[in-house]
Amino acid sequence: MDTTLFGLFLLIYVLTVLGNLLILLVIRLDSHLHSPMYYFLTNLSFVDMWFSTVTVPKMLMTLMSPGGGAISFPSCVAQLYSFHFLGSTECFLYTAMSYDRYLAISYPLRYSSMMRGRTCAFLAAGTWLTGSLHSAVQTTLTFRLPYCGPNQIQHYLCDAPPILRLACADTSAIEMVIFVNIGVVASGCFLLIVLSYVSIVCSILRIRTSEGRHRAFQTCASHCIVVLCFFVPCVFIYLRPDSKDAVDVVVAVFYTELTPLLNPAVYTLRNKEVKKALFKLRDKLTHSQSN
């Protein structure tokens, strides 16, 4: 069973890394994709690649050998910080991407002046900085407690809920602060995304041609799919009062392994511009090999 899971998770991880690297390469080489939407997509692909790398290699080591699941205390701290840093950065990136789509569809004539390179860089830097600060709060709150009892967590990664169960002190206040912290970030970002798409739908309905409406809906559909795949598991794990280890592990596997794999698949299979760029890249490689 462990061998089968090892092979499956290894395949998913390799496809995730290759898929996101391919998106980064295609957007870098094709000048037609040098727009704000794809600028944020490169950030998302970079985050997804590392988000999976933070957790999956250690899981593979655990499946490969009995002692592979051991992790030092400093490494556990680093994994928790990196996990929440990349996860919260991705959460803020989805919000920035929904704002970008809102401007593109609601103000098409002013879009290029409103989303200049400096504005995009400012928004992207803001997502990384805010994600870093949010993760620092989570990590500090988790590891400021005394840990003097058992040192085994019922999880495949160092995350706040399973670690807090090992503390030798009352964790109710810390758990409430973490609950509110994650709740404010997740619900705030999701609310902004919903508001953006309500405005987008209103703008789309005002488009006179059915072709224009279809194209606008198709542009936003990919983003909506990945947003739901990210936020639903996150809310399920962190914002439930009756959290259970076994269920949390299964759901965590979904959004740490499958969601980063799903993002490049959704953005390539449902995006005509990316597919066109991929075919151009393939033709260039074929032509260069023939010569």
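**Overall architecture**

The model is predicted. The protein chain contains 10 helices and zero strands, and from the N terminus on its elements run α-α-α-α-α-α-α-α-α-α. The radius of gyration is 21 Å, close to the 19 Å that the globule rule gives for 291 residues, so the chain is as compact as a globular protein of that length. Of the contacts in the chain with a separation of 6 or more, 75% are accounted for by residues 24 or more positions apart.

| Property | Value |
|---|---|
| Span of the C-alpha trace along the principal axes | about 65 × 50 × 30 Å |
| Share of buried residues among the 291 residues | 45% |
| Distance between the mean positions of the positive and negative charges | 15 Å |

**Surface and charge**

The chain carries 21 positive and 15 negative charges.

**Threonine 55**

Threonine 55 lies in helix α2, which comprises residues 36-64. The relative accessible area of threonine 55 is 1%; because buried means under 20%, this residue is classed as buried. Once its neighbours within four places in sequence are left aside, threonine 55 is in contact with Gln79, Phe83, Tyr156, Leu157 and Thr256.

How values were computed
Residues numbered from 1 in each chain as written. Predicted model: local features only at pLDDT ≥ 70, side-chain atom pairs only at ≥ 80, totals over all residues. Heavy atoms only, no water. Helix = DSSP H or I, 4+ residues; strand = E, 2+ residues; numbered from the N terminus. Rg over C-alpha atoms; globule rule 2.2 N^0.38 Å. Buried < 20%, exposed > 50% of the residue type's maximum accessible area, 1.4 Å probe, protein only. Contact = heavy atoms within 4.5 Å. Lys, Arg positive; Asp, Glu negative; His and termini not counted. Charge placed at Lys NZ, Arg CZ, Asp CG, Glu CD.
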